[in-house]
Amino acid sequence: MQELTNEFVVEDSFIDELYQNKEFLISDLFKDHINNGQFIIFKSDQDEKKTAVFYASKGNLKLIQNKKLVTNGFSPKDINQTVYLNLLKDNDFLIVCALGPAGTGKTTLALSQALEDLTKQKRNIILTKSTN
């Protein structure tokens, strides 16, 4: 099973170029390390807070705009929430499972997106709970 995310440390100026272009073809430099369906996180070699998150699809990388990603007033607070909310919003994924520590926003984002989908009659909601 392939990893959902892949991280690369790149030059600071490369991240600026990524934000200007917003989409680009997967270059020879990355093609052996990126698979379709992966979220790619580019991190600056000079500023740890400077990042760009892309989604790989059909040989292209498309910028994920964190600030434009909102569901019922909730927006992602970090890279992990950005990836998670993109998966919840993507109709190609019928099931999305999230694992992580308590308080990281898994339930809040899932319920918020479920309510948005329900009000727009986009898809049905199935709630489950473990029996342990």
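**Exercise 1.** Are both Phe-42 and Phe-54 buried or exposed?

The model is a predicted one, in which local features need pLDDT of at least 70 and side-chain atom pairs count only at pLDDT 80 or more, while totals for chains, interfaces and linings use all residues. Residues are numbered from 1 along each chain as its sequence is written, and side-chain values use heavy atoms, with hydrogens and water left out.

Take the classes to be buried under 20% relative accessible area, exposed over 50% and partly exposed in between (1.4 Å probe, protein chains only). Both Phe-42 and Phe-54 are then buried, and Phe-42 has a relative accessibility of 0%.

**Exercise 2.** Describe how the rings of Phe-42 and Phe-54 are arranged.

Rings of Phe, Tyr and Trp (its six-membered ring) pair if their centres lie within 6.5 Å, and planes under 30 degrees apart count as stacked, over 60 as edge-to-face and the rest as tilted. For Phe-42 and Phe-54 the centres are 5.8 Å apart and the planes stand at 80 degrees, so this pair is edge-to-face. Phe-42 belongs to strand β3 and Phe-54 to strand β4 (residues 51–57), so that the pair links distant parts of the chain, 12 residues apart, where strands are DSSP runs of E with at least two residues, numbered from the N terminus.

Key. Helices (H or I, at least four residues) and strands (E, at least two) are DSSP runs, numbered from the N terminus.
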